[in-house]
Amino acid sequence: MKLFTSHPVAIQQGDEAMFSDFENDGDMWTGSGSRERRKPVLFEQPFRSTPVVMVTISLWDVDTGAAVRAEVKAENATPEGFDLVFRTWADTRVARLRLGWTAIGDMRNEDDWDVI
């Protein structure tokens with residue numbers, strides 16, 4: 001649990017195209033075995049501390065001839081940004097993918113000051 005007691009809470013959201021591999025016969029569409037794609041995301045405004053980041057699939061274009069296997073997550077989160085991560089494996093074929101994300105965290109207040 002993340003409890004906010006004295007700073008404003010902010011929500012930032014985005015939607016990122018991860019790949020479109022059917023257009024160029026990329027490995028998500030033509031390959032097999034373990035495959036991964038990462039995309040760095042920078043927040044519009046940095047948070048005061050590392051936010052909680054939730055990731056969802058907002059576009060999912062897959063071949064239904066095999067089992068659909070996927071892992072989506074945020075990794076390496078900092079107050080400035082994080083990495084969107086998509087993983088698949090075995091014979092799953094993914095033509096296109098877009099991931100949505102929501103970050104919730106505390107923001108600096110204009111009255112904040114640092115003592116050095």
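**Aromatic pairs.** I counted six aromatic pairs in this predicted model, taking rings of Phe, Tyr and Trp (its six-membered ring) as paired if their centres lie within 6.5 Å, with planes under 30 degrees apart called stacked, over 60 edge-to-face and the rest tilted. I looked up F43 and F47 and found an edge-to-face pair, 5.0 Å centre to centre with 85° between the planes. Both F43 and F47 are buried (buried is under 20% relative accessible area, exposed over 50%, partly exposed in between; 1.4 Å probe, protein chains only).

I then looked up W60 and F86, which are also edge-to-face, at 6.1 Å centre to centre and 70° between the planes. W60 lies in strand β3 and F86 in strand β5 (residues 81–88), so this pair ties together parts 26 residues apart in sequence; strands (E, at least two residues) and helices (H or I, at least four) are DSSP runs, numbered from the N terminus. W60 is partly exposed because its relative accessible area is 31%, whereas F86 counts as buried at 0%. I noted that ring pairs link F43, F47, F82 and W101 into a cluster.

**Residue E23.** I located E23 in the loop between β1 (9–20) and α1 (27–30). E23 counts as exposed because its relative accessibility is 61%. The C-alpha atoms of E23 and A95 are separated by 8.0 Å, although these residues are 72 apart along the chain.

**Basis.** I number residues from 1 along each chain as its sequence is written, and side-chain values use heavy atoms, without hydrogens and water. As the model is predicted, local features need pLDDT of at least 70 and side-chain atom pairs count only at pLDDT 80 or more, while totals for chains, interfaces and linings use all residues.
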